[in-house]
Amino acid sequence: MSKQTYRVCFCFRRRFRMTASEAPKEIKNLFDQYSENGIMDADHLQRFLIDVQKEVKTTRDDAQNMIERCTNELKHLNIFHRKVLNLEAFFKYLFSDLNPPLESRGVHQDMSAPLSHYYIYTGHNSYLTGNQLSSDCSDVPIIQALQRGVRVIELDIWPNSSKDDIDVLHGRTLTTPVELIKCLKSIKEHAFVASEYPVVITLEDHLPPNLQAKVAEMVTSTFQDILFSPGSECLKEFPSPESLKKRIIISTKPPKEYLKTKDVPKEGEPQKEKTSGENKETPAWGREVSSLKDGTVTDYKQDLDEDSNDEEDPEDGDPKSADCTQYIAPEYKNLIAIHAGKPKGGIDACLKVDPEKVRRLSLSEQQLEKAILTHGKQIVRFTQRNILRIYPKGTRFDSSNYNPMIGWTHGAQMVALNMQGYGRSLWLMHGMFRANGGCGYVKKPDFILNPGSDDEIFDPRASLPVKTTLKVTVYMGEGWYYDFHHTHFDVYSPPDFYTRVGIAGVPADTIMKKTKTLEDNWVPAWNEEFEFPLSVPELALLRIEVHEYDMSEKDDFGGQTCLPVAELRRGIRSVPLHNVKGEKYKSVKLLMGFEFV
């Protein structure tokens, strides 16, 4: 096709809107089955919604209301007549935002259980705008995270240059600081914009007692009565998200003595070993996320000992970490609602469950990967009462991320990711917390909370029977010709799209498949069906990516989304796609079918 011919075709495409002729054969057949003389009225639509979409409680009034909503919201298309649907209107309805892939129930899970019973939307080094070594520190990424629904914000607090105030920065790097008080005020202003459930501030404390006292003053004066402060003693059980609505919670290690920072390795900080960055051939959206299969640590074998010194804080009572003992600021200690710490004695001591108190433990991604090989069930048991936080290894200078499913499947509540580290790992995070109305708290499945014998404790690496099979049909896609420039994918011809679809979950369920590539088509119609046997559907996420095939270079990115399988709506649904950063495209979407058998 010549360049001039393609431009003519493209201009036609830009004026083109999908018509009934573009509808897949199955859609046309369904319309014929649930309509009469080319017209679908409220009675017909009600039967369709009950039989095909499995919306079994739909009434005739519901169906009539949906037709009226279609008439109002899609009236600019001039395809609706007498408040009934013809084939084109029915097709447009299926492809519209009125037909989303997830349940629209808001917060629907039980929110009255202890905090330890929930996965919590958690950020790492929440103040960084870019990489871990030289980017600016700011309250802007904190605000953005809160607006997305993140519920755990991490702040590293250090003395400022004059030693009389507190800055937030990534210590011993070239990152530029931001004042702590500015971060606190922004948290207060934006904490409950996206969700009314509690925000936890985890403090990485590098302060002497006099500045800890100043932090206490800042925190109490900023948050006042929305601050949850149970006192200096450890809680016997964590309160519930419901009881802590619109409250701020502080979590850090209770101060014992002032630790001179030069000897204290800090989580996520650069270590002495040399590690190469991402391969230059890696696409912008990152490598495929790794997973645990067959008892091995996939993609991480060379890194298991890399961050043996990359600990969030030293072991409690470690004499090598203390320079001198000074007074403790009691007002600072009294702020701490969720006590953190790492007991002496290795992983066994770390995972010991105390029936009289609860606490938070932090492990790096690599420490977790090593621990689950020998202590997998102990980790699950620990997280039934206590909180486990996982953070990226210290050599992720580029703010990349790891596979969060490894922590979630072992019960870890606070799986901390770099919110500026766009790519597949973060897409999984976005998908997980689309559940439960996007409130930032997702209830763990009951089987992870089962406090039985060791034989009864959940093991995500075990061979489990298939509970259900998810059948996914990828019908077609549209919208790229509205949201992308006509030469974005190919200069002289329309794009060649294919879709990748698969599951992220326990190792036995994790898989990716792909459609055929359709050449030279802005509105690809794949009409392909895939089956995914699921042993643990409660922890499964449906991954969807569209790419454009390029023979000579890397394939181009065409959109993605990730959806919690447990909240998928059965039937034929419109699936909006997002860009690399997780921002929803205006027009790009897929028409897909979901069925559980």
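How exposed is Lys245, going by its relative accessibility? At 28%, Lys245 counts as partly exposed; that label sits between buried (under 20% relative accessible area) and exposed (over 50%), using a 1.4 Å probe and protein chains only.

A quick word on the source: this is a predicted model, where local features need pLDDT of at least 70, side-chain atom pairs count only at pLDDT 80 or more, and totals for chains, interfaces and linings use all residues. Residues are numbered from 1 along each chain as its sequence is written, and side-chain values use heavy atoms, with hydrogens and water left out.

Now for the charged pairs. Side chains of opposite charge can pair when their charged atoms come close. Here a salt bridge is a side-chain nitrogen of Lys or Arg within 4 Å of a carboxyl oxygen of Asp or Glu, and by that rule the count comes to 20. Here are some of them:

| Pair | N to O distance |
|---|---|
| Asp43 and Arg60 | 2.9 Å |
| Glu55 and Arg569 | 2.9 Å |
| Lys245 and Glu242 | 3.1 Å |

Glu55 and Arg569 link distant parts of the chain, 514 residues apart. Glu55 is partly exposed at 21% relative accessibility, while Arg569 is buried at 14%.

Notes. Helices (H or I, at least four residues) and strands (E, at least two) are DSSP runs, numbered from the N terminus.
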